[in-house]
Each structure stands twice: as structure tokens, then as C-alpha cells.
Amino acid sequence: ARDVANHGGNTIYYANLATEPETFIMAVNAARKHGIYVFAQLGGKMYLRPDKGREYYETVTKPAAEAILPQYKGLEGVLGWMGKEEASAAEMPLVIEYRKWCRQIDPTHALFTLNNRLEGFQADTEAYPEWYGFDRYRFKVVNPGFVISTPREVVSMLSSEMAGCYDEAAKRGRPLICVGQAWTFQIDQKTNKMERKSGFREVSPGVWRGWQRYLPEHAMFLQTWLGITEGSQGSLWYHYYGATKGRDTSMGKWLREECLVDENGNESRYWKELGQCFHEIQRLTPLFLSWHKEGLKLGAVDNPWIKAKSFIREFDHERYYVLLNTRIAEWDQTSPYRPGNDTKLYFDDKGLAGFEKVGELEFKFTPAGKDPLWDVLSANKLTGNEDGSYTLKLQPGRGIVLMQGTAKDIKATAERLNAKGIDKPSVLRRD
């Protein structure tokens, strides 16, 4: 909990503690000493398993929840329970039924439902939870096909999926928390031949080595800001250390993995980058929790690497723009979504190599309307060009929040951002 707080987080998602009330209550109380709140997965026998059928639900899952959850009634610091992650559309009726049961036996805490497919989300028709989440890990080698999914394809796919899930959450009047990838692992694949576009290299006859999941520099900034751009009101990062250790994966034999921290608790480069990102965006939390993404596309940029979305708090009176530089690297001259067999990308012992490093990106942004633009964090007024555009620069994977309005408007926004007492989750880490 201290580590999460030091990195700018305010909530932990405990996956495997709620089955032991004494341990769980101790962990919650310890977290609160550091100003950290808790979400918890209902693990063990309390975890909903639709694949085991109704008899298991009636004789195992419900009795386990009835025996344990009431012991947590009124426990301060718990923001919500997660009874089932990543349910399919066919499983959603039982998820809804279980949520109703959990509310009945513990009406003092909220509920959290995590989806990784839009179809499952769309099948969620009643007894909505207070929180929704979305998770898909896209920095990987795609199988079948054994081809690298590059950062450009990752952005395209995640943007579409996040936007769809945001719309579903908004229809239900609920916030969306986006889950970021913070886990990589290296494998050996036994096969006669792999194509160059896979990034794998032959290390001995018939054995090819690479990272099934990878994370390049700036990927943590990029994922965080991508969620913000698509309307996310929270950021959750799963810490998977040990998840693949000593076993074969769907693609090959596990070698090693990298996560937020190592087995001794030492900070990885991913956790360090996340900490930097969290501290930079922390003051913007009141906006993330109170604004709404606009359905119409307002404003224009002159560079395809830049994403731009607009948000409102008080309809047309108060408009914000989030701009994101999605260019965290370049590769193979045109930076294709998927590389060909002439690619310069390849896996070494540290991850995906062959990228060309990039610096800050200069671009022009033209907002809708004539009111001036302000940098929200600094409250500085931006100087525009004669054609109504603004020349801006952003570092790789970084974003910026701008406000369009009067000096009185930006002053009111600055006062909100400087207010104390924010106690809803904006940045989460799962242990």
C-alpha cells in the first residue's frame, strides 16, 4: 500500500484475500493508513464459475459468499466487490443473478464488473454494478499467424474497444475503468521455422525465442492517456508476477517475465514510468470524474499520430480537449500496423528491439469555436495562430488537457483541481 501511494495511486485491487476475513480486514486497515482504498475480487469458492453449472453456483458459490461477505458489512475503505471477471454474453445472466445475491447479503458495498469483450457488456441488462472495467492486452505477438502487433495497431484496436465500452457504461450511467497491460513474458517456441515478422529468433535447431507479450518505452504513458482520451475515469494495472512461471503457454515454453515489481519487490521500468505518469495526471482527477466525452468530433489536428477528443462538464459552457501523441517510436519506414518479413523489428533478451527512437512531436490543433484555449494544469492562456490554430508539442505517449473558455472559467477549474479531499479511485494496482 505504501508503494502504491508513493507511485501516485489511491486504490488497490486485491485478488486473493477476501476469502480470509482476518487477513483481508488487516490488509484493508493497513491500506487505509496510507490513504489507499480497496477493491476486492471474491476469490476461491466465492468466485462465480458459470462453466461449472447452476448446481455448483447453488451449492458452492452462494453458500461461500453467504458465509463470508456479511462479515464485511460496513467495513470502511472497501469500494466494491468483483464476483466475476470477463464474462461472456452467455454467462451474463448468472453474473446479474450473483450481483443481486451479493447486494442482498452485503448492501453496504458497491460492485465492480470487468469486461474484455463488448458482447458481454452489451448483454448486461439489469442490476448494474457501480463500476465497470475494460481490459484487453494488445502489446503482443498475434497467434495464429505469429506476427507482431505493433504500437500503431495497439492504439487503433484499444481506441475502438475502449470507445465501445465507454458508450455501454455511459448508457447505464456508470463510470468506466480501463485496465492497462503491465506484464511481459519470454518464451521458447519449438517449430521448424518462424517468419521474420514474428520477431522471434532461432536460438538452437528448432527452438525460436521471443516475447509473447512486450512493452516498449513510453507504453505505460500511452496506455494511461489512451484511456483518458476515450473517457476512462480510472486506471487499473494487474500485477501478474508468477502467473506463467514454470509452465508452457499456448505458444511455447515459459522462460521469464517482467511485471511492475520483481520477486523481491524491486521497481521495474514499467512501475517507474507509471509512477511518473500518475504523479503528472493526479491533479486532473476531478475532471476525469466529472466530465463527459462528446459524441461529435470537435476540433482538428494536422498529424495522424495525434488523437483529439472533447469533453464537457456544463454543456457548451465548459469544454475541454484531450490531445495525445500516440507516436512512441517509428519502425520500418512507414510504421505499419503489422510488419512484413522485411521488418527490422526483432526480439532480444530485453523485449522488442529495432524501433527508431523519437522525440517530441509538433503539430497544429484547431478547436471548435472562437473562445481562447488554456493549458489546464498551468492555467496559462495559449497563443494562437492567425488561422485560428494552435501550435503544440507533446512528448511520446504524453497527453495534455486544454480548456476552451474565459479567464473566469479557467480560474474556477484551477480552484477545483487544487481542492483537497478527492477520495474516489483514479489509479489502481492489482496485487
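A cavity here is a set of points, on a 1 Å grid over the protein atoms alone, where a 1.4 Å probe fits but cannot get out, and lining residues have an atom within 4 Å of a point. This is a predicted model, in which local features need pLDDT of at least 70, side-chain atom pairs count only at pLDDT 80 or more, and totals for chains, interfaces and linings use all residues. Residues are numbered from 1 along each chain as its sequence is written, and side-chain values use heavy atoms, without hydrogens and water.

The structure holds two cavities of 30 Å³ or more. At least two lining residues each come from α6 (151-171), β8 (176-180), α7 (219-229), β12 (234-238) and α9 (285-288); helices (H or I, at least four residues) and strands (E, at least two) are DSSP runs numbered from the N terminus. The largest share, four residues, belongs to α7. This lining has nine nonpolar, eleven polar and no charged residues, where Ala, Val, Leu, Ile, Met, Phe, Trp, Tyr, Cys and Pro count as nonpolar, Asp, Glu, Lys and Arg as charged, and the others, Gly among them, as polar.

The second largest cavity has a volume of about 80 Å³. Its lining includes W81, K84, R99 and F112, and α4 (92-105) and β4 (112-115) give two or more residues each. Here α4 supplies the largest share, four residues. Eight nonpolar, two polar and two charged residues make up this lining.

How values were computed
On a 1 Å grid over the protein atoms alone, a cavity is a set of points where a 1.4 Å probe fits but cannot get out, and a pocket is an open set with protein on both sides within 12 Å along at least five of seven lines; lining residues have an atom within 4 Å of a point. Grid points are joined across faces, edges and corners, and a volume is the space filled by probe spheres set on the points.
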